[in-house]
Amino acid sequence: DHLIKSFVRTYKLPAIISNCSNNYGPNQFPEKLIPKIIHNILYNKPLPIYGAGKNSREWIHVQDHCEALLKIFNKGKIGESYNVGSNQNIKNINIVKKLLKISKNKSIKLNKKTKIKFVKDRPGHDFRYALNNNKILKKLKWKVRVPLHIGLAQTFDWYINNKAFFKSVSKKLYINRLGLKI
């Protein structure tokens with residue numbers, strides 16, 4: 001960020017910086033929490049959660065993030081930074097419970113293997129991700145449009161309708177956890 005701002009100041013580079021909270025939505029790489037849990041629900045596998053599931057993340061639907069980027073591009077001020085967030089900070093265990101509830105509403109049959117499994121947390125893993133998005137709300141009049149419960153249900157539907165997506169990505173790229181000793 002400082003390097004970009006120095007180029008804006010020194011060379012008049014027309015740059016704007018954005019920082020965003022955790023995105024979710026269709027077509028997301030399956031190593032990430034939400035697609036991984038959906039995959040494991042659909043294929044009757046354990047639902048791994050780091051630690052005790054108390055780590056929390058601020059979630060934003062990818063569509064909202066894209067709309068924020070367009071707003072920043074069109075209305076943002078050169079040299080400024082904008083945080084893009086939803087103010088929806090939720091514990092990981094609660095995200096998994098919401099996805100389980102969605103699966104039940106869709107009459108997806110779960111077997112005995114498909115249950116929450118707490119796994120050792122990654123070394124140095126942050127306990128909470130969140131940001132202050134007051135600037136983009138006030139100065140650019142941008143706001144989140146996709147409520148979490150609707151976005152999660154739409155995301156779940158996308159993965160149900162695009163199961164081939166999981167097969168199109170090499171499991172070698174996401175099946176093994178990083179940060180563990182081999």
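Reader: Leaving aside its neighbours within four places in sequence, which residues is Ile49 in contact with?

Author: Happy to. This is a predicted model, where local features need pLDDT of at least 70, side-chain atom pairs count only at pLDDT 80 or more, and totals for chains, interfaces and linings use all residues. Residues are numbered from 1 along each chain as its sequence is written, and side-chain values use heavy atoms, with hydrogens and water left out.

With those neighbours set aside, Ile49 is in contact (heavy atoms within 4.5 Å) with Asn92, Ile93, Val96, Ile116, Lys117, Phe118 and Val119. Ile49 itself belongs to strand 3, residues 47-50; strands here are DSSP runs (E, at least two residues), numbered from the N terminus. Ile49 counts as buried because its relative accessibility is 1%, where buried means under 20% relative accessible area with a 1.4 Å probe, protein chains only. As for Ile95, 46 residues separate it from Ile49 in sequence, and the C-alpha to C-alpha distance is 10 Å.

Now for the partners of strand 4; strands pair if DSSP finds at least two bridges between them. Strand 2 (residues 22-24) pairs with strand 4 in the parallel sense over three bridges, and Asn23 has Ile60 as its bridge partner. Strand 6 (residues 89-91) is antiparallel to strand 4, again over three bridges, with Arg57 opposite Ile90. Strand 8 (residues 128-129) runs parallel to strand 4 and is joined by two bridges; there, Ser56 is partnered by Arg128.

Definitions and conventions:
Helix = DSSP H or I, 4+ residues; strand = E, 2+ residues; numbered from the N terminus. Buried < 20%, exposed > 50% of the residue type's maximum accessible area, 1.4 Å probe, protein only.
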